[in-house]
Amino acid sequence: MEYTREINLLLEAAVYLGNRANTYKTINMEERLKARNISDLEEFQEQYQPLKKLIQTMDREIKIPKKSMEKIFKEFPGFPFNSIGGYSPGFILLYPGEEPFDKDLDEFLHKKRTMNREEIYRNLLMAIDFKDEVKETDGGFADLFLKKVTEMDLQPEVKLGILQLQPRYEEYLEEMGKLLRPVLNFLQDHIDELNTIAEPFFQRLTNPESEAYVKETAGLTDDGKSEVEIIPLVLGPDTNVLVEPMGQDKGYVYAGVLRDLLKKLMYSKIMTADNAFDRVKLLGDRTRFDILLLLRENDAYASELADQMQLARNTIHHHMTRLIDADLVTPILDGNKVIYSLNKDRMGDLLDKLHTFLIGK
């Protein structure tokens with residue numbers, strides 16, 4: 001397992017724009033925790049307040065045309081929810097096929113502009129989670145992209161928007177560069193603040209007691225990568241972003257610097273009525289309920305669950321992240337892959353507590 005302290009400023013800029021365009025309000029995290037009656041917030045507030053102050057300064061000082069920002073970084077509807085706008089035109093076009101995001105904006109955009117048509121379509125397929133199909137073919141990515149997007153369970157206007165990403169490629173890159181540049185300039189001027197915010201994350205990550213979190217983070221990649229590098233993600237503090245470059249035996253996980261701490265707070269080992277209710281809400285989704293029924297019988301890889309349930313792997317990963325966060329599913333590293341297992345002890349604890357809360361001892 002490798003870690004790097006070098007923050008990817010270009011990705012941070014994109015995450016900020018995605019959050020701002022989709023009004024996910026990272027700065028409201030504290031209020032959401034308090035609404036769940038979580039009172040022990042001292043450790044969270046100590047690490048969160050500098051981040052909140054930085055984002056408020058960015059909102060105040062960085063002037064961005066709202067219409068242009070939403071055009072590029074507002075998510076296409078119909079994809080699994082995430083807090084950074086990961087399925088917006090901007091993020092889909094930024095997803096790299098060869099390397100992690102580069103902090104040099106001009107160099108990165110130059111590489112994008114010099115890609116040929118097939119390379120562009122290959123990267124678009126990977127960005128909307130058709131990586132397996134890309135690896136199984138040596139070409140014909142334009143036809144494959146048309147086929148896969150047409151088959152997706154999305155509104156016709158959304159499919160059309162995705163299909164237009166290649167014909168309007170230069171236009172989107174031009175507008176994306178204009179949006180990213182002022183944010184990137186701000187972050188370059190405030191790199192010391194970003195590093196300070198990320199430091200407690202590294203202290204937890206390198207602590208021997210954090211082994212389970214490291215395994216879970218690395219387990220986001222089940223694509224046969226022999227190496228995984230963990231990189232801090234500051235402005236998406238509750239999010240993990242996975243990048244699996246083509247032709248490399250290495251995966252990159254940009255790990256939200258507060259994600260493990262938030263998980264600990266949201267799903268305390270002490271089962272209260274509030275976090276029991278949160279878990280019951282998760283089970284109210286039929287897809288997640290069916291996943292647990294399958295895992296009751298056998299542990300499974302994401303690809304196996306996707307095949308059995310006839311769902312896209314990005315949809316499975318979205319649900320697994322929620323179930324892992326709730327401690328109802330355990331990710332287990334199996335060589336270079338991750339296998340999911342039902343946490344039967346935790347499920348039993350939940351059922352016992354529900355009996356106590358609703359019926360009595």
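Student: Is E174 buried, partly exposed or exposed?

Tutor: This is a predicted model, in which local features need pLDDT of at least 70, side-chain atom pairs count only at pLDDT 80 or more, and totals for chains, interfaces and linings use all residues. Residues are numbered from 1 along each chain as its sequence is written, and side-chain values use heavy atoms, with hydrogens and water left out. Buried means under 20% relative accessible area, exposed over 50%, and partly exposed in between (1.4 Å probe, protein chains only). Because its relative accessibility is 41%, E174 counts as partly exposed.

Student: Which residue forms a salt bridge with E174?

Tutor: A salt bridge requires a side-chain nitrogen of Lys or Arg within 4 Å of a carboxyl oxygen of Asp or Glu. For E174, the closest N and O atoms of the pair are 3.6 Å apart, and the partner is R113.

Student: How many residues apart in sequence are the parts that R113 and E174 tie together?

Tutor: Helices are DSSP runs of H or I with at least four residues, strands are runs of E with at least two, and both are numbered from the N terminus. R113 lies in helix α6 (residues 105-113) and E174 in helix α11 (residues 169-189), so the parts tied together are separated in sequence by 61 residues.

Student: What is the N to O distance in the salt bridge between D260 and R204?

Tutor: D260 counts as buried, since its relative accessibility is 16%. R204 also counts as buried, at 14%. The side chains of D260 and R204 meet in a salt bridge whose N to O distance is 2.8 Å.

Student: Which helix holds R204 in this pair?

Tutor: The D260 and R204 pair links distant parts of the chain, 56 residues apart. D260 is in helix α14 (residues 259-266), while R204 is in helix α12 (residues 191-205).

Student: Is K52 buried or exposed?

Tutor: K52 is found in helix α3 (residues 42-61). Leaving aside residues up to four places away in sequence, K52 touches I27, E30 and E31, where contact means heavy atoms within 4.5 Å. With a relative accessibility of 16%, K52 counts as buried.

Student: What radius of gyration does the protein chain have?

Tutor: The radius is taken over C-alpha atoms, and the globule rule is 2.2 Å times the number of residues to the power 0.38. For 361 residues, a compact globule would have a radius of gyration near 21 Å, and the protein chain agrees, with 21 Å.
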